[in-house]
Amino acid sequence: MASIRIQNTGQVVKASAAISILNTLMREGVLIKHVCGGKALCGTCRFRVIDGHRFLSPIKEREQMRLDALGNPKDVRLACQTHTFGDITIEIILTG
């Protein structure tokens, strides 16, 4: 099982590749803003990848469109659209 280290809080949570990072964080009580319910419409569940880029699911078109519309750099992803297959370190951009 993979681990997600949240740089902002120092928390470390276990993650399954079958569950989005957003749902994993919510299940573990980690505060992350998420307005649209995981549909890649709002972009509030953004996080910055500090380490472990290679363990993340590829960016799909819907996520890329939202990230481009918000003008995010390449190291920012949407938690609702991303899964991890290995240990990563992230920084949550907007806390809930």
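Start your tour by selecting Ala-40, which sits in the loop between helix 1 and strand 3; helices (H or I, at least four residues) and strands (E, at least two) are DSSP runs, numbered from the N terminus. This is a predicted model, in which local features need pLDDT of at least 70 and side-chain atom pairs count only at pLDDT 80 or more, while totals for chains, interfaces and linings use all residues. Residues are numbered from 1 along each chain as its sequence is written, and side-chain values use heavy atoms, with hydrogens and water left out.

Stay with Ala-40 for a moment. Although not a glycine, Ala-40 has a positive phi of about 60 degrees. Ala-40 counts as buried because its relative accessibility is 3%; buried means under 20% relative accessible area, exposed over 50%, and partly exposed in between (1.4 Å probe, protein chains only).

You will find an open sheet of five strands in the order 2-1-5-3-4, with mixed pairing; two strands pair if DSSP finds at least two bridges between them. Strand 2 and strand 4 stand at the edges with a single partner strand each, so one side of each has no neighbour in the sheet. From one strand to the next, the twist averages 40 degrees. Axes here are lines fitted to C-alpha atoms, for helices over the stretch in contact, and angles run from 0 to 180 degrees between N-to-C directions.

Next, select strand 1 and strand 5, which run parallel and are joined by three bridges. Look for Ile-6, which stands opposite Ile-90 in strand 5. Then bring in helix 2 (residues 61-70), which packs on the sheet and touches strand 3 and strand 4; contact means heavy atoms within 4.5 Å. The direction of helix 2 makes about 130 degrees with that of strand 4.

Move to strand 3 (residues 46-51), which is antiparallel to strand 4 (residues 76-78) and joined to that strand by three bridges. Here Arg-46 has Leu-78 as its bridge partner in strand 4. Strand 3 also pairs with strand 5 (residues 88-92), again in the antiparallel sense, over four bridges. Phe-47 has Ile-92 as its bridge partner in strand 5.

While you are in strand 5, pick Thr-89. Thr-89 is buried, because its relative accessibility is 15%. Beyond four places in sequence, its contacts include Arg-5, Gln-7 and Arg-48.

**The core**

Select Ile-4, Ile-6, Ile-21, Leu-25 and Ile-90: these have the most contacts inside the largest nonpolar core, a set of 23 residues. Such a core is a set of buried Ala, Val, Leu, Ile, Met, Phe, Trp, Tyr and Cys residues joined through side-chain atoms within 4.5 Å. Two or more residues each come from strand 1 (2-6), strand 2 (12-15), helix 1 (21-27), strand 3, strand 4 and strand 5.

**The cysteines**

Display the sulfur atoms next. With a disulfide taken as a pair of cysteine sulfur atoms within 2.5 Å, the count is zero. The sulfur of Cys-42 is 3.6 Å from that of Cys-36, its closest cysteine sulfur, which is too far for a bond. Cys-45 is in no disulfide either, as the nearest cysteine sulfur, in Cys-80, is 3.7 Å away. Cys-42 counts as partly exposed, at 23% relative accessibility, whereas Cys-45 is buried, at 3%.

**Last stop**

Finish at Phe-85, in the loop between strand 4 and strand 5. Phe-85 counts as exposed because its relative accessibility is 51%. Among its contacts beyond four places in sequence are Ala-2, Ala-17 and Phe-55.
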